[in-house]
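Hi everyone, thanks for having me. Please have the sequence and the structure open while I talk.

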Amino acid sequence: MTIKITGALKSTCTQRVVTVLHELGLEFELDQPTNFASLKSPEYLRDKHPFGRIPVLNEDGYQIFESRAIIRYLVSKQKSSLAPTDPQKLGILEQFLSIEYSYFNPPFSSLVDEKVFKPLFGRGDPDPVKVVELTKKADDVLDVYEKLLVGKDYLTGEYSIADIIHLPYLHYAIQVDYDLGDRPNVKRWWKNISEKPSWKKVITQG
Ligand SMILES: N[C@@H](CCC(=O)N[C@@H](CS)C(=O)NCC(=O)O)C(=O)O
């Protein structure tokens with residue numbers, strides 16, 4: 001069994017997949033594209049990802065893209081406690097996966113894009129007005145997380161893929177001075193998840 005990941009260690013979506021691979025103790029090969037332009041080649045669009053993105057998983061010919069789908073596949077295949085099978089626990093997990101995708105990811109990915117990737121990829125300087133707007137939206141989301149995390153170390157109560165999918169964007173945001181503010185529950189959660197060896201390995205190798 002050979003797992004190949006087409007991705008880049010600085011890419012947020014790749015980082016969440018690689019964190020899960022480390023958690024599961026699975027060996028993998030990382031095939032890093034030379035540049036983002038190569039993701040738009042006719043061959044790449046045909047053979048790897050029709051939207052021209054990373055990451056892509058290929059395991060002995062079985063191929064899927066979309067980081068969240070890849071993660072679900074990996075934990076389900078390994079029967080990992082990072083995704084419970086009990087229907088009620090699974091329902092809660094899915095709830096938090098949906099919360100991340102619907103409410104957390106839009107402002108945080110836009111904020112990180114504005115402050116990190118826009119200058120990094122030569123698309124210009126961060127727009128200060130946009131940064132203020134996006135920071136406010138991100139803050140509003142974390143105000144809700146503060147309530148969701150009352151009395152809990154992890155989102156579902158137990159460490160899971162719901163926590164892991166938050167790591168990359170929150171990490172990048174904090175790197176560019178996003179302040180978790182006066183939110184003790186969010187801060188406790190962030191400490192719990194960001195100090196895991198799997199994530200430390202991702203950020204030190206990236
Ligand atoms: N929803 C997708 C998003 C994939 C995505 O946007 N990947 C970024 C890197 S994190 C990418 O490929 N960017 C290159 C581009 O947009 O050209 C996932 O979770 O895998």
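This is a predicted model: local features need pLDDT of at least 70, side-chain atom pairs count only at pLDDT 80 or more; totals for chains, interfaces and linings use all residues.

Let's begin with the inside. The largest nonpolar core has 55 residues, and the members that touch the most others are Leu74, Phe108, Tyr145 and Ile161. Which helix gives the largest share of this core? That is helix H4, residues 87-120, with ten residues. The core lies between domain 1 (3-77) and domain 2 (87-197), because both of them give residues to it. If you're wondering about the background, nonpolar side chains in soluble globular proteins tend to be buried together.

Now find phenylalanine 108. Leaving aside residues up to four places away in sequence, Phe108 touches Ala138, Leu142, Tyr169, Leu170, Ala173 and Tyr178. There is also another core, apart from the largest one, and it has five residues, including Leu39, Tyr44, Ile54 and Val56.

Next, the start of the chain. UniProt, in an unreviewed entry, places the feature "domain: GST N-terminal" at residues 1-82. That span is 37% helix and 18% strand, and its end C-alpha atoms lie 21 Å apart.

The largest pocket has a volume of about 790 Å³. Its lining is made of 26 residues, and Thr12, Cys13, Arg53, Ile54 and Tyr169 lie nearest the centre. H1, H3 and H4 are the elements that give two or more residues to that lining. The largest share, six residues, comes from H4.

Last stop: leucine 134, in helix H5 (residues 128-148). Is leucine 134 buried or exposed? Its relative accessibility is 14%, and the cut-off for buried is under 20%, so leucine 134 counts as buried. Again not counting residues up to four places away in sequence, Leu134 touches Pro107, Ser110, Leu111 and Glu114. For a sense of distance, leucine 134 and serine 67 are 67 residues apart along the chain, and 23 Å separates their C-alpha atoms.

That's my tour, and I'm happy to take questions.

Definitions and conventions: Residues are numbered from 1 along each chain as its sequence is written. Side-chain values use heavy atoms; hydrogens and water are left out. A nonpolar core is a set of buried Ala, Val, Leu, Ile, Met, Phe, Trp, Tyr and Cys residues joined through side-chain atoms within 4.5 Å. Buried means under 20% relative accessible area, exposed over 50%, partly exposed in between (1.4 Å probe, protein chains only). Helices (H or I, at least four residues) and strands (E, at least two) are DSSP runs, numbered from the N terminus. Domain bounds come from an automatic or database domain assignment. Contact means heavy atoms within 4.5 Å. UniProt positions are given in the numbering used here, feature names are shortened, and annotations may be inferred rather than shown by experiment. On a 1 Å grid over the protein atoms alone, a cavity is a set of points where a 1.4 Å probe fits but cannot get out, and a pocket is an open set with protein on both sides within 12 Å along at least five of seven lines; lining residues have an atom within 4 Å of a point. Grid points are joined across faces, edges and corners, and a volume is the space filled by probe spheres set on the points.
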